[in-house]
Amino acid sequence: MTETSAGTSESKVLRISPLADEWGSSKGGLSTLNREMCKGLAQLPNVSVTLVVPEYTEEEKEDASKCKVNLTKVETMTGFTPIQSLAFPPKECKFDVVMGHGHKFGPPAQVVAKNRGCKRVHVVHTASEELAMFKKRQQETIPEGEKKHKLEVDLSKTADVIVGIGPKLTESIKSSLRPHKKEKDVINLTPGIFPEFSELEQAPEEREKFRTLVFGRGNEEDFELKGYDIAARAIAGLKDHSYHLVFVGAPEGKQEQVKESLLKCEISPRQLTVRSYRESRESLADLFSEADLAIMPSRTEGFGLAALEALSAGLPILVSDNSGFGQALEKIPFGMSFVVESDEPDEWGRAIKRARKKSRDVRLEEAKALRTNGWSSAKHLRTNYASVLKISPLVDEWGSSKGGLSTLNREMCKGLAQLPDVSVTLVVPEYTEEEKKDASKCKVNLTKVEKIPGYDTIHSLDSPPDECKIDVVMGHGHKLGPPALAVAKKRECKRVHVVHTASEELAMHKKSRQELIPEGEKKHKIEVDLSKTADVIVGIGPKLTESIKSSLRPHKREKDVINFTPGIFPEFSELEQAREEREKFRTLVFGRGNEEDFELKGYDIAARAIAGLNDPSYHLVFVGAPEGKQEEVKESLLECGISRKQLTVRSYRESRESLADLFCEADLAIMPSRTEGFGLAALEALSAGLPILVSDNSGFGQALEKIPFGMSFVVESDVESDEAKEWGKAIKRARKKSREVRLKEAGVLRDFYNQEYKWQEQCQTLVDKLR
């Protein structure tokens, strides 16, 4: 092999060498951070990681090797400290990138980069100037902080890449680098869940004492900085001896001094335990199992790894808002509930008391939800290093010409495609170039299948092109589920089955045909059989989720069902609704209007409701009649007693633009279905800021009941009552409010709904379940 070809071959692997003082964690959070970054980097394809340390044991070398990390040690040089010696790694240690943390490891990394002519990453893990403002007063503290900060900035200015650990430090170093036009080279790396603690089993039973855990060194300089006084005063202020503070991290031989410092904060000796630093990960795990709550009341904290380790173990936490971890939590669902926005001991005491008011079972469930749903969301290290998950839903179109299922499929694809490390290829029978371009804007690829003689277009979907690589195939219902099953078997990939209808319930409400109920039962059986063998089952909304869970309980598969409640449609959410009142109150109802679904969808209820108001200023606009069938739909509605002067019938609106125009034209959208799996059309109307009324026997209605004010938009009626009369009353109540008030209420409801149900968060939950 020539020298050139050898070099080309070698360059395919990126050789990264971080500098550190140990592989273990005896020296605190920085060592832990270094190790976890190395482990994460080493899992990437074409990356080789060699950690350069002053020394290591054979046991450490073996442990690192299991994580695909090499350890190499430097020769101790006369006149050099062990850290300074890191500037001279062994010649046989080849690398393309050197990595140094802070003002301690940054300088030797800079020397290595100059000597070896390699790239350099500088990692910022503290804000020295801010720390100096909070440390216990010493004359040199602030100048020292300023000096360290200047060194950090100088090291960052000449680095190829700058990494801020968490959002707080990222923003801090970006601000300092703006005068040097280097802020664009800063990336935020928010540490992720520690897998070694994530499998820890927390005992669910309540305990007599409520043990609150706080970590630290307890030295005089950091005592107030880390909020140890806050922790002690908070527990003391509760005036309840069943609260107990466990302080862990006192230096060996200094436990008595730490105890005395804490007792000065008025806590009783009976409420206090002081322990030394826990170097071993096993003893740390035991500690997490022993506690009820971990707190981090620091007045300032660059990030806060100890609290993240506690959360990784499923332990409930409370953290300061002036910490990187706190700021990261604020960006994820429910995260704010675990952040305390005060330095006052009384506030921390109240937060601790609120946490205890919940049962231990509930506390653990909330911590688990935070750990799973928040930190699995691609904002952390592990997901950043994950391989790309290739997902291929099977559908019959990209557009919406075939109704709600097409719309649902498209929005799920768009949501999934926004996630990092996820690639979405939609498999369809055919598409136009305009559709391909539209999908591409949403980061979705379209691919079409070859038409197979004797196969209908749906069955052809079971043979996607060979070049379409698939890790997960997704099929909806009894129609698209079978070809997805065939793909999963051929490709040996995972399969998601999506349930969007309840066939048996639909059959009970459809207009009588002898074969309807047997047909419904047959479709339901197919749905259950497809769900039984799927890797993940998705129910669209709470109603269908509960329905399929119930059917899967005999097969012990209900735990694999997740609820996916569709979110607000962004394409309609910016729509401007006119504020002026109108003479006619135009009430919108969607549907196909065919004989079989007429009563199922409650079209008769809508017409009779408007007719029963005996007021010609109410007007019903029916949208969705099949082309050429408008007259038939009109006659069916007129038979319900509504006047021709109060009725407009229109064909189906395929274009999203014409649908938007429709929402602006109406005063109210109603969905009076006697049963509805979910009800996307009403959600589209709400997305546009249009007031709505929906049936309580719908997935959308059940979802609304779980959010503030949602019940006001749900009409509860049953077959025993005069349904049309109930709906008429609800429509009349809606009109009694001014249009301005109606629109404001719809806007508030939309905001609450959007907070509770987001496409992307639910797509993330699905991906987490698949990984």
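A residue is called buried here when its relative accessible area is under 20%, exposed when that area is over 50%, and partly exposed in between (1.4 Å probe, protein chains only). By this scale Glu397 is buried, with a relative accessible area of 9%. The structure is a predicted model, in which local features need pLDDT of at least 70 and side-chain atom pairs count only at pLDDT 80 or more, while totals for chains, interfaces and linings use all residues. Residues are numbered from 1 along each chain as its sequence is written, and side-chain values use heavy atoms, with hydrogens and water left out.

The C-alpha trace spans about 100 × 75 × 55 Å along its principal axes. Of the 771 residues, 53% count as buried. The accessible surface comes to about 35600 Å², and carbon and sulfur atoms account for 49% of it; accessible areas come from the Shrake-Rupley method with a 1.4 Å probe, and for residues only the protein chains shown count as cover.

Setting aside residues up to four places away in sequence, Glu397 touches Lys402, Gly403, Ser406, Leu426 and Val428. With Ser406 there is also a polar contact of 2.6 Å between the two side chains. Such a contact is a pair of N or O atoms within 3.5 Å; within protein, one must be able to donate a hydrogen and the other to accept it, and residues adjacent in sequence count only if both atoms are side-chain atoms.

Helix 18 itself has 14 residues and reaches 20 Å from its first C-alpha to its last, close to the 20 Å expected at 1.5 Å a residue; the expected span is 1.5 Å times one less than the number of residues. Because 12 of its 14 residues are buried, helix 18 is largely enclosed by the rest of the structure. Among the buried residues are Ser406, Arg410, Glu411 and Met412. An α-helix has 3.6 residues a turn, so residues three or four places apart point the same way.

Ala484, in helix 20 (residues 477-491), counts as buried because its relative accessibility is 1%. Beyond its neighbours within four places in sequence, Ala484 is in contact with Leu394, Val473, Met474, Gly475 and Arg495. The C-alpha atoms of Ala484 and Leu530 are separated by 9.5 Å, the two residues being 46 residues apart along the chain.

Further along, Gln577 sits in the loop between helix 24 (570-573) and strand 21 (585-590), and is buried with a relative accessible area of 8%. Two polar partners can be picked out for its side chain. A polar atom of the Gln577 side chain lies 3.3 Å from the backbone oxygen of Phe663, and the side chain of Arg739 makes a polar contact with that of Gln577 at 3.4 Å. Outside four places in sequence, the contacts of Gln577 also include Cys664, Ala688, Gly689, Leu690 and Leu743.

Helix 32 (residues 759-770) has 12 residues and reaches 17 Å from first C-alpha to last, close to the expected 16 Å. Its buried residues include Trp759, Cys763, Leu766 and Leu770.

The surface has features of its own. Phe80, Phe88 and Val111 make a nonpolar patch of about 220 Å². Phe80, in the loop between strand 3 (69-73) and helix 4 (82-85), is partly exposed at a relative accessible area of 36%. Patches are made of residues with over 30% relative accessible area and no salt bridge, like charges being joined within 9 Å and nonpolar side chains (Val, Leu, Ile, Met, Phe, Trp, Tyr) within 5 Å; a salt bridge is a side-chain nitrogen of Lys or Arg within 4 Å of a carboxyl oxygen of Asp or Glu.

Lys443 has a positive phi of about 65° although it is not a glycine, and lies between helix 19 (433-441) and strand 16 (444-448). Lys443 is exposed, with a relative accessible area of 55%. Phe709, likewise not a glycine, has a positive phi of about 70°. Its loop runs between helix 29 (699-704) and strand 26 (714-715), and Phe709 counts as exposed at 54% relative accessibility.

Note on methods. Helix = DSSP H or I, 4+ residues; strand = E, 2+ residues; numbered from the N terminus. Contact = heavy atoms within 4.5 Å.
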